[in-house]
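Biologist: Could we take a close look at one part of this model together? I'd enjoy a guided tour.

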Amino acid sequence: MSADTKTRASAFVDEKRLAERLAAMARIGATEKGGVNRQALSKEDAAAQQLLIRWGETLGLKPSIDAIGNLFLRLEGADPNAAPVLSGSHLDTQPTGGKFDGVYGVLAALEAVQAIVASGVRPRASIDVVAWMNEEGSRFAPGMMGSAVFAGERRLDTVLAVTDESGVSVADALMQVRSCLRDVAARALDERAAAYVEAHIEQGPHLEREGLTIGVVTGIQGKRTFKVRVDGEAAHAGTSTRAERKDALLAAIAMVQALAEALHDAQDIVKFTVGRFDVKPSAPSVVPSAVDFSIDLRHPDSQALRALGDKVQPICEAHAGVCAVRVTELSSAMSLEFPALMRSVIRDAAARLNLAHREILSTAGHDARYLHAVCPSGMIFVPSHRGLTHCEAEFTTSADLANGAKVLADVLEELAS
Ligand code: HGY
Ligand code: MN
Ligand code: MN
């Protein structure tokens, strides 16, 4: 049968099955307001991985897990020597995350593989559904740990040593998860991939606003992250004079205010966020002794991102006053462009399915950033209602989710053939 007349895998994508699996995953770590709190390497994350493995096993997919906790479910291809095609995203969420960020890409890949199996075609190369460890970086910062280690962009030992707020290391948390996944085979970290495709909700308003179903992602904007520690001195709120005080909070506020002013652009392209701000000892009658805060800085132009990021340390130091400040850069990832060939495979699949589509830049970060460094990579976006994301109100219709999975199914079928 010719490629044009045979029934493609997309015909076997089941909207209801995908929606039901997403709903089942959303129950693991469900929040009262309809969102999900399933942070990396938590017991909820382990439960989500167990459920994914069970679903995979009903399709005959073999699970394996690597040293940094990336979970793979393999559909064996006909040629054992062919490098596998990878597709997935992440199962972890922000503390008040939604039902779709990350988990959609994993379950869309599972749905696509199920559709390929149902179509009766045995792909030449294996296809691995993958759940990357800790994309969000809210519990252990910075995020994208699993994909970064997989790609050789971060060292395994340094990532394993990262601790959360309560001092638990990635290594210890990983051991807890592994104890729930005892029968899962170990996978070598250096196994290579032929290609990677990630489906994701847009996390912006453009596709919905323009009445489009599919975004063919052109690339990902750059991002630099920092942690800042301001040290002052605890003192009595009633007895210490202003002259005597080393108020870490006032110094930190001055830094954030100065950064916001220096990074302000009239075009609203620069993205500057202080999302974490911890005051110590956080007692009403004690002058704050220390503040830890985070900086997330993004810009689509790498040169601009470099220049803006380089202002962070001098600005913090200039506003420290009588306090001490230490600025640590946690990650620095420049803007990237996915290969034209991957974009055209995705665009052609959307066109054949008569799905309205256009090219779009991702202003959010994704594991595809690191896969891009090791194999041809691409991304498929589906609309996000009002662009709401990293919040409990995140929503995409089941029809849009299924359409993204259809595009993914045809793309994976082609890449693995
Ligand atoms: O922050 C990001 O861009 C990603 O969603 N974690
Ligand atoms: Mn995501
Ligand atoms: Mn996210």
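Which residues line the second largest pocket?

Modeller: Happy to walk you through this one, and please keep in mind that the model is predicted. The second largest pocket is lined by Pro142, Glu153, Arg154, Leu330, Ser331, Ser332, Ala333, Leu336, Arg369, Tyr370 and Ala373. The space in this pocket comes to about 150 Å³. By residue type, the lining splits into 6 nonpolar, 3 charged and 2 polar residues.

Where does the lining come from? Two elements, β14 (324-333) and α12 (368-371), each give at least two residues to the lining, and β14 provides the largest share, with 4 residues. On the domain level, domain 1 (5-220 + 335-416) and domain 2 (222-333) each contribute at least three residues to the lining of this pocket.

For some context beyond the pocket, let's turn to the nonpolar cores. The largest one has 76 residues, and the members touching the most others are Met25, Leu41, Leu52, Tyr104, Leu107, Val407 and Leu408. Helix α3 (residues 103-118) supplies the largest share of this core, 11 residues.

Terms used. Residues numbered from 1 in each chain as written. Chains lettered and ligands numbered in written order. Predicted model: local features only at pLDDT ≥ 70, side-chain atom pairs only at ≥ 80, totals over all residues. Heavy atoms only, no water. Core = buried A, V, L, I, M, F, W, Y, C linked by side-chain atoms within 4.5 Å. Buried < 20%, exposed > 50% of the residue type's maximum accessible area, 1.4 Å probe, protein only. 1 Å grid on protein atoms, 1.4 Å probe; cavity = no way out; pocket = protein on both sides within 12 Å on 5 of 7 lines; lining within 4 Å. Points joined across faces, edges and corners; volume = space filled by probe spheres on them. Nonpolar A, V, L, I, M, F, W, Y, C, P; charged D, E, K, R; others polar. Domains from an automatic or database assignment.
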